[in-house]
Amino acid sequence: MGKISNQHLIEKLTAKYGEQISAISEPYGLLTFEATRTVISDLLAFLKNDEELKFNYLTDITAIHYPEKENALGVIYHLHSFYNNVRIRIKVFLPVSDPTIPTATLLWDGANWMERETFDFFGIQFTGHPDLRRILNVDDMTVFPMRREYPLEDPNRVDKKDYFFGR
Amino acid sequence: MSNFITEITPNRPVYTDNDPQGELTTLNLGPTHPATHGVFQNVLQMDGERIVSGVSTIGYIHRAFEKIAEHRPFYQITTLTDRLNYCSSPINNMGWHMTVEKLLDIKTPKRVDYMRVIVMELSRIADHLICNGILGVDTGAFSGFLYLMEEREHIYEIFEEVCGARLTTNIGRIGGFERDFNEITFQKIKKFIKNFPPILKEFEALFNRNRIFIERTSGVGAVSPEVAMGYSWSGPILRATGVDYDVRVNEPYASYEDFDFEIPVGTTGDVYDRFILRNEEMWQSLRIIEQALEKIEKEPKGVFHADVPEFYLPPKEQVYNNMEALIYHFKIVMGEVETPKTEVYHAVEGGNGELGFYLVNDGGRTPYRLHFRRPSFINYQMYAPMSGGMLLSDAIINMSSLNIIAGELDA
């Protein structure tokens, strides 16, 4: 689909960032790799401003939680280059004890609510974000509900006990 | 190395006016204001009729769909997608089905693709009809809305014929449709594409060159393409600014590459441009439906799903009477089918923009993580910043033309 091949992108990025980029794969043709949080803001700025690549559009920011891993929380960026019609997926894994990552709001204004949503559900702290507070959940919520340790339903609730339904 | 700020600078919303002279008024617009067409709250600071600043509060109908989706098998998530953008739920349903098909590497027959295109374009028309009709109501022209609502009713009758439901359709299955289009469906579609153009023409005649409407809408909420892309806008409101980004063309799905249609773009990105653009998109959708009806004629009859027994639920009478169907039914329902351990992002052009599904699968019966890239959520975040300096009545029509759907906003 795109004008730039994934191979070319990989070469260009590994030449610049070397060891900081790992786990490169291409599920369903979408180039995916992991980066570290020390380079992520520089990497995003490079991808956005590079004359050839021009990943000018931030499609999405979200997160994922793998409780069994050492760096359990992953922040996932989807970028899109309108000029070349190529998408790219970047992941940054962070430890639960210190889930901080630089914000992307200085590059894209649209990152504001996406990062607020990610903070709201996963507790990722985006340093430098202008207004990092909960967005969909209530303000006085104390947990980050999309983390795996929180069950779908409150196990303490009593209104759904079997005896109410004659079971 | 990095040019990022490294400390959080809290910028909490101002709920009481902070002007020393006490000249500004705080106005609570919403959450249940009739002019906002949904549960949206905006706390505005007003200087007379002009908005100084605003803060959006969202989440009033948050239903934790992403959490629920982690506990549901793939085929049961369709009903969750219904409730995102409920004005065009078939697009959401099929976007989800196509995501799963991409994950499982299922190739759907051409006839299924064309059937999907028909249903998706009909729902795009329904979505745009609502948006443009309501925009007319908000500018004070009620009659256009009434003309259009009758046509939306006819589209819903077609959906009813295809799947039995009207608003939250749950249309189709992974791999195709649950049943073939019957004769009455085709008759109704043909009747619709014959009767709809004159009504849309009349609607355009009422609005497009109407001086009151133009003066009311042109220049309101004008956005430059750079700002719109910076805010990750997508869909009609992005195209109204002049960016020709449409997922149907940039990354064709469901055989959209077989169709001949145009992507209208605007120039100024104001409310008037968005209105004209949505009207033009309805004409293009009609064109696509006409072509799809022609193409379906040439495809083998009676094909309405891909041949994937491991994922496509067999009909009930076969489950009761046929050993093989019973086994597959059991395997699907109990989730004993192997699925690849990988991740997939699939986007469709929804009524409001790029509707993306990011699915991470760990091989189990439910997704490990499912994220909806909801266009309304991302489009809406510019609303409060762009309202600064607007008149209150302009901010109302600006919200109508953004076509924010509360279900999609809050997920």
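Predicted model: local features only at pLDDT ≥ 70, side-chain atom pairs only at ≥ 80, totals over all residues.
Local features need pLDDT of at least 70 and side-chain atom pairs count only at pLDDT 80 or more, while totals for chains, interfaces and linings use all residues. Residues are numbered from 1 along each chain as its sequence is written, and chains are lettered from A in the order in which they are written.

At the interface, 37 residues of chain A are in contact (C-beta atoms, placed from the backbone, within 7 Å) with 38 residues of chain B. On the chain A side, S3(A) provides the largest share, 6 residues; helices (H or I, at least four residues) and strands (E, at least two) are DSSP runs, numbered from the N terminus.

The largest nonpolar core has 142 residues, of which Val75(A), Val92(A), Ile124(A), Val117(B), Ile118(B) and Leu122(B) touch the most other members. Such a core is a set of buried Ala, Val, Leu, Ile, Met, Phe, Trp, Tyr and Cys residues joined through C-beta atoms within 7 Å, where buried denotes 20 or more other C-beta atoms within 10 Å of a residue's own. Helix H4 (residues 110-138) of chain B gives the most to this core, namely 14 residues. Leaving aside neighbours within four places in sequence, Leu122(B) is in contact with Ile155(B), Ile158(B) and Ile289(B).

Helix H3 (residues 89-104) of chain B packs with H4(B) at an angle of about 140 degrees, their axes 7 Å apart. H3(B) contributes Pro90(B), Ile91(B) and Met94(B) to this contact, and H4(B) contributes Arg116(B), Val119(B), Met120(B), Ser123(B) and Arg124(B).

Definitions and conventions. Contact = placed C-beta atoms within 7 Å. Buried ≥ 20, exposed ≤ 12 C-beta atoms within 10 Å, placed from the backbone. Axes fitted to C-alpha atoms, helices over the stretch in contact; angles between N-to-C directions.
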